[in-house]
Amino acid sequence: MHEADHEAHEVPPQFAGEFPIVIENLTNRFGEQVVHEDLSLKVRRGEILGVVGGSGTGKSVLMRSIIGLQIPEKGSIDVLGQSITDAMEDEDIDIRSRWGVLFQGGALFSTLTVAENVEVPLKQFYPELANDLMHEIARYKVRLSGLPEEATSKYPSELSGGMRKRAGLARALALDPELLFLDEPTAGLDPIGAAAFDHLTRELADTMGLTVFLITHDLDTLYAICDRVAVLADHKVIAVGTIPELLATDHAWIQEYFNGPRGRAADTTYHRADEGRDGQER
Ligand SMILES: Nc1ncnc2c1ncn2[C@@H]1O[C@H](COP(=O)(O)OP(=O)(O)OP(=O)(O)O)[C@@H](O)[C@H]1O
């Protein structure tokens, strides 16, 4: 369970499919500040992996490293069997089109409508697509993300926070990705909106066969939809596993996080909701 126990890096091709993201001995530093040191993590195909850690522990920097936006000082990152750390010079377009990213705050272009935002990656990767088809795909992705038809022609400033997140999600899904990166998707949403977004994420992951790397501070999200949780502390992934597995560790931060008042409340809410489902599987 402890990622520090990894053997030397080499991804045999037969495992490339099993672990779409493999990070080995990653070190990231900004000047004197060490963010990651010898961090290792493997993400399993088809899982929703929650990534937690105190503020500033490097969750977003880790995500940026995986998608090639942050060049690490040391270590290797393989995504879908291809090396990001080696390929960065060449901007491996094939891999980039196989993931979708929802950045904190949605990162939508304010001068484009929702539909036009979704069309950005389509135009980038499939410039030959006919306009009609492009509009149709964008419309479909907007609807898939749970937004009403009329949202397609709205500008980000005309949307609520929750709708902006969904529009960002629609753009992240534009290219039918295999991997979805979500950076604090429920931050700033009211509890009902957050629960609805969680539900949507789980449903999309299950129906589209997505592997999801989900950075969050939201304990409800962890309990409700994450298959496993990776914990960042001390510049590393100190543990990764299911919540019961994490609770069995004696790391002080993990204990405080999950057994603190908020952790206990989330646990209770989740189990109550579970009982309410009459034993139905998620
Ligand atoms: N481009 C950068 N230049 C310098 N320092 C940076 C840069 N990006 C991130 N950092 C620093 O790296 C550390 C980790 O930042 P990061 O945003 O990954 O934290 P985080 O775990 O996502 O935090 P939070 O939960 O608050 O969003 C912080 O101390 C941050 O100031």
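Residue numbers start from 1 along each chain in the order in which its sequence is written. In this predicted model, local features need pLDDT of at least 70 and side-chain atom pairs count only at pLDDT 80 or more, whereas totals for chains, interfaces and linings use all residues.

**View 1. Residues around the ligand.** The shell consists of Phe 30, Val 35, Gly 53, Ser 55, Gly 56, Thr 57, Gly 58, Lys 59, Ser 60 and Val 61, a residue being near a molecule if its C-beta atom, placed from the backbone, lies within 6 Å of it. Helix H1 (residues 59-66) supplies the largest share of this shell, three residues; helices are DSSP runs of H or I with at least four residues, numbered from the N terminus. By class, the shell has three nonpolar, six polar and one charged residues. In this classification Ala, Val, Leu, Ile, Met, Phe, Trp, Tyr, Cys and Pro are nonpolar, Asp, Glu, Lys and Arg are charged, and the others, Gly among them, are polar.

**View 2. Packing of helices H4 and H5.** The axes of H4 (residues 114-125) and H5 (residues 131-144) come within 9 Å and cross at roughly 115 degrees. Axes are lines fitted to C-alpha atoms, for helices over the stretch in contact, with angles from 0 to 180 degrees between N-to-C directions. H4 and H5 are therefore roughly perpendicular, a term that covers 65 to 115 degrees. From H4, Val 114, Ala 115, Val 118, Glu 119 and Leu 122 meet Met 134, His 135, Ile 137, Ala 138, Arg 139, Lys 141 and Val 142 of H5; contact requires C-beta atoms, placed from the backbone, within 7 Å. Eight nonpolar, one polar and three charged residues form this contact of H4 with H5.

**View 3. Packing of helices H4 and H6.** The axes of H4 and H6 (residues 161-172) come within 8 Å and cross at roughly 30 degrees. That makes the two helices, H4 and H6, roughly parallel, the term for angles under 35 degrees. Val 114, Asn 117, Val 118, Val 120 and Pro 121 of H4 make the contact with Ala 167, Ala 170 and Arg 171 of H6. These residues divide into six nonpolar, one polar and one charged.

**View 4. Contact between the two domains.** The domain assignment, automatic or from a database, gives domain 1 (21-98 + 178-279) and domain 2 (109-176). Eight residues of domain 1 are in contact with seven residues of domain 2. On the domain 1 side, helix H7 (residues 191-208) contributes the largest share, three residues.

Terms used
Angles under 35 degrees count as roughly parallel, over 145 as roughly antiparallel, 65 to 115 as roughly perpendicular and the rest as oblique. Two residues are in contact if their C-beta atoms, placed from the backbone, lie within 7 Å.
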